[in-house]
Amino acid sequence: MGQRPPNPPTRLALARPRVLLTTEGTYPYVMGGVSSWCNVLVNSLTEFEWQVLPIVPPDGRKRMFELPDHVSEVGRIEVWSETLPQRGRPQPLQRRAASRLPAVLVRNLLGWEGDADAVVDAWVWCRRFPAGVRSVFRSARGWSAFLGGLREVLDERVPEAGTPPVLDLVEAAKLYQTLYWVARTAAAPTPATDVLHVTAAGWSAIPAVVHKTLHGTPLILTEHGVYVREAYLAAVRNGDSPGSRFAATRVARGLARVAYANADVVSPVTDANAYWEMGLGIDPAKILVLYNGLRQTSTPTPAPRTRTVVSVGRIDPLKDVHTMLRVAAETLRYVPDARFLHYGPVTKSEEAYGRSCTALHDRLGLGERFRFMGPTDDPNGAVRDADVVLMTSISEGLPMSILEAMGEGRPVVSTGVGGVPDVVRGCGAVAAPGDEHALAMAVVTLLRNPDLASRLGQRGHARLGRIFSEAACIDGYRDLLQTVAHGTAPQDVSIGLAA
Amino acid sequence: MSEVGLDPARARLLVEARLGRRPQDMLEAAVVLEAWVGVPAQRALAAAKALMPETAADPQPSVGRLPPPSSQKGVLLEGAAFVISVIAIALWAAPLVSSLGATVVRHGLMVTLPLTIALQWGLRRRWLDHPHGLAQLADRALLLLAGALATVGLPTLVLGPSGMVAGLLTVTLTGGTILIRRRWALVYVAIILLATPPLMMGLSPLPVLAAAAAATALAVALALRTSAMPAPSSTGQWERAVAAGVIGIGLGLMLVLDRTVSWTEGTVPALALLPATFASFWGGYHLRHLERAMPRAGSGIPVIGERTRGLARPPLGVLFGALGRLLVLAGVLSVGLMALTPWLGSSARDAGVLLGFALLALATMLVSLLESMGGGAWALFAVTCAAAAEVAVRVDGTDPFSGTGLVVGGLVAVVLVLPPVIVLLSRPASTLATALWIP
């Protein structure tokens, strides 16, 4: 613990640079925007040897993506499973000191001004003594130390942090379990590598931060959404007790702070995320915005002019499907022959929300005018059938479904969240989240004016080619990875907020 | 997009209107302003910081949501199936002895009981007690088949006919555990009941036992096939499964080590097990309430403050309720057996044997509880001591009453296991956090 080692000599002159890509509930086991991005990245950048280290729940999922030859899965960190940690027990003296591990984690991950370095030191201890983690957390001393640390956090009074609620013993026990899995994730081994590429400022940063501390390997953090913001959104909407909400959001904030503090480069996919990241304390000099990109069709097919509105996305509270249904209902009052097609599965664990959408669909009497089409493996094809593409999310980074709409030359009506306003500028309409009337009026306007819709679609197609092309996105990551892999100090990379 | 005036008072109203309460902190306020009011990130963060009060409010007490209890559907059916199986297999003893001889059957049962209990405990700990366990077991059909063949083959090679009896009975009884857990209890009962008349009619017992074992294995294969689904790569830990298996061997040995209890005098010894079996099932069934009592004991108890009195009451209440049920029912049924069945002879009605079986049932319940709360090492120690005590009684050879070994072994196990169980249950939050929720 303590001193960080310098960068080791690189092997780059001899072989392809190795990039350890750490993921969290996404690639290669779950379909979705982040997974698609990972897939494009590793398939396009064949000059690197990709090592994928996913963090997954123990649900026996099969891989959803084929891994090409230069990509390998170098292990899998299963959380909330029954697997035992690897061997490696601390000596008695170290064990005595280690009984403070749960207290260090709770104090510095959940404390508003917790010490990120203390967390990293604790994680490094976990890596050195994996079996010690379990014995510490299963001991009465560990639990007692944890309660002491938690009480300190709950006693904090910082105006912007509000007054922490008083957790009960059950909430405390659940938090203790979460911290155990944080420690177990830190204890998981990582292979020798040249660059660490983390795909979210959360759990997937844990093994990478430990690796960086032990070996001095440079660390790049790409944020598609903003981890902390999404944790807060989830906590707000799931109606949990104040204590559970506090624990979930503070853990997310703590993980993000450690990830930000240890990243050499933070590359959000949109400027809006960068503002959040700066608000959370990242040095702006570390930030390099790299927009997502999409491969563009040369000439978009003409819109079908069947008054069809298509939406693509998971059925999830973050996508605010309720608002989408209300937009459809209001639109149908003005354009009775319009039809809405929604493609996308119900998010796992959000089945209740899925049922609420079906109930609202029935209550609004939408019938066949709004159809849930289920998952699709051809989102471009789905969008091609549209006259207008609709999105009602309350949180987005830079959504692929909007880029897909622009790639197919279709106009977009969307809520102005995350990077959407920057993307849709001049090629669609943007309204406030939840403003079903404004969204419906925009849809009605475009359905009634197909020529206007067509012009906006063409402009979107052109804009995609200029700013959000897949080639530009891949080139950006290639430059970044090569610069970092070849040992150039991060400040030498041309970074900063995109103009 | 609509522009929103963002003076702190208005921003606070908007946030509180959306949340229906004060924001937890400035980040929650910023998220609400951005996601539901449409304020861009930079302004949302600045406004959120401004709207937070300078003076701290009183801390809000929180009561966590209790985890949902696991499904108890089919537990009674499982219990009934178990009891029917015990009675039916008890009926097998006489025909087996008359065909194969008392020595072969005695040796066979001395292997069968420890081996079966060990396999049942190991299987439960590794797979059957876990939500995805059956699905995962379905992926290991070849392992199960090899295990079944080894269970029959190895004892046969070593012990001859008694080994074959032991192997076939072990496959049937262990397979039955899987079928019962898969809710195929009726299939298992049907197999056992169908095998009983041919044995009673004097047919050669080994082919009948082989047919029962084969039918059970086939039923297990079919049952698991229908439960196949994507399963986690890990459920129970091998280390704990092996430890549980060793504990099972110890408990099985405790059952057969007492030389005053004969397992070959017709149906009688097995029927003497019935009071303890019923009682153990009732007591164990009551223990399911611990799943709720443990978290409920800590629910609403703030981590700040010294209010810890009374925490232990709900879990200890469940424990003593289970102990009481087991002892009372075992006592009542034992007295009933002694009073109402004079034709069974002394070995089924001997008070010492019945007391020994009741104590063994009590020890088994407590050992199981301790093992499930992470006290596997101590449970193993206790069972080893109890089995050693029984061996000592057996070597000493001066049994003052029938069932002395069972009584002594059972008492040793209970005395060693009950205190740690009480200690663990009297600290429910700590036990929940450290032993139950950290696998």
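## Domains of chain A

Chain A falls into three parts: domain 1, made of 18-83 + 190-286, domain 2, covering 92-176, and domain 3, covering 308-468. The model is a predicted one, and what follows should be read with that in mind.

Between domain 1 of chain A and domain 3 of chain A, the C-alpha centres are 28 Å apart. Contact between these two domains involves 13 residues of domain 1 of chain A and eleven residues of domain 3 of chain A. On the domain 1 side, the elements that supply two or more residues are α1 (33-44), α9 (227-237) and α11 (271-279) of chain A, and of the residues on that side the largest share, four residues, belongs to α9(A). Sorted by class, this side of domain 1 of chain A holds six polar residues, four charged residues and three nonpolar residues.

## The interface between chains B and A

Where the two chains meet, 59 residues of chain B are in contact with 68 residues of chain A. The side of chain B that touches chain A draws two or more residues from each of α2 (26-37), α3 (41-51), α14 (290-298) and α20 (428-436) of chain B, with α2(B) giving the most, namely seven residues. By class, this side of chain B comprises 34 nonpolar, 19 polar and six charged residues.

## Backbone features in chain A

Most residues other than glycine have a negative phi, and most peptide bonds are trans.

The peptide bond that joins Y27(A) and P28(A) is cis, with an omega of about -5 degrees, and P28(A) is found in the loop that runs between β1 (18-24) and α1 of chain A.

W80(A), which is not a glycine, has a positive phi, near 55 degrees, and is found in the loop between β4 (77-78) and α2 (92-98) of chain A.

Note on methods. Residues are numbered from 1 along each chain as its sequence is written. Chains are lettered from A and ligands numbered from 1 in the order in which they are written. This is a predicted model: local features need pLDDT of at least 70, side-chain atom pairs count only at pLDDT 80 or more; totals for chains, interfaces and linings use all residues. Domain bounds come from an automatic or database domain assignment. Two residues are in contact if their C-beta atoms, placed from the backbone, lie within 7 Å. Ala, Val, Leu, Ile, Met, Phe, Trp, Tyr, Cys and Pro count as nonpolar, Asp, Glu, Lys and Arg as charged, and the others, Gly among them, as polar.
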